[in-house]
Amino acid sequence: MRIGELSRRTGVNAHQLRYYEAQGLLEADRGANGYREYGEDALLRVRQIRHLLGAGLSSEDIAYLLPCAVGEAPELLGCPELLAAMRSRLRQLDDRMAGLAQSRDVLAGYIDAAERMSSRTYPPFDGIDPEPVPA
């Protein structure tokens, strides 16, 4: 099947499919006309990639994990290298979540303090809404 059909059947746009191929996650043969040609197994592979991306894994992580993937969900065979890589990624996510929670707590503290001082305004506003704080 060509890339357009794979895109239609998986719901993944052709640009993303080409990206998966460039990252080594998806393989395509080239027809005599130079068009990408995918086998039926590409449907399963794209679904596996989408599930793993949904778990927060990077394309680099996924390239490492795909040889151990079985089924659409996918299930991953538990070899020691695979488990070590997934545990490392989980630690990274936990660290990011802890950092976000800390930032949230600090911001909530600023909001509480500002609300307690709501009777005083500094600097005084001239009736024009202040500029939003950049995210």
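Biologist: How many cavities of 30 Å³ or more does a search of the whole structure find?

Modeller: The search finds 1 cavity of that size. On a 1 Å grid over the protein atoms alone, a cavity is a set of points where a 1.4 Å probe fits but cannot get out. This is a predicted model: local features need pLDDT of at least 70, side-chain atom pairs count only at pLDDT 80 or more, and totals for chains, interfaces and linings use all residues. Residues are numbered from 1 along each chain as its sequence is written, and side-chain values use heavy atoms, with hydrogens and water left out.

Biologist: Why roll a probe at all?

Modeller: A probe the size of a water molecule, rolled over the atoms, shows where empty space is left.

Biologist: How much space lies in the largest cavity?

Modeller: About 30 Å³. Volume here is the space filled by probe spheres set on the points, with grid points joined across faces, edges and corners.

Biologist: Which residues line the largest cavity?

Modeller: Leu57, Asp61, Leu65, Ala85, Met86 and Arg89 do (lining residues have an atom within 4 Å of a point). Two elements, α4 (59-65) and α5 (80-116), each give two or more residues to that lining. The largest share, 3 residues, comes from α5.

Biologist: New topic. What is the secondary structure of the protein?

Modeller: There are 5 helices and 4 strands. Both are DSSP runs, numbered from the N terminus: helices are H or I with at least four residues, strands E with at least two. The order from the N terminus is α-α-β-β-α-α-β-β-α.

Biologist: Which residues are buried in α1?

Modeller: Helix α1 covers residues 3-10, and Ile3, Leu6 and Ser7 are buried there. Buried means under 20% relative accessible area, exposed over 50%, partly exposed in between (1.4 Å probe, protein chains only).

Biologist: What do the buried residues of α1 pack against?

Modeller: They pack against α2 (14-22), β2 (36-37) and α3 (41-54). Just after α1, Gly11 takes a positive phi of about 80°.

Biologist: And α2, which residues are buried there?

Modeller: Ala14, Leu17 and Tyr20. They fall within an arc of 115° seen down the axis, so they line one face of α2. The arc is that of the directions from the helix axis to the C-beta atoms.

Biologist: Which exposed residues does the face turned away carry?

Modeller: His15 and Ala22. The cover over the buried residues of α2 includes α1 and α3.

Conventions: 1 Å grid on protein atoms, 1.4 Å probe; cavity = no way out; pocket = protein on both sides within 12 Å on 5 of 7 lines; lining within 4 Å. Contact = heavy atoms within 4.5 Å.
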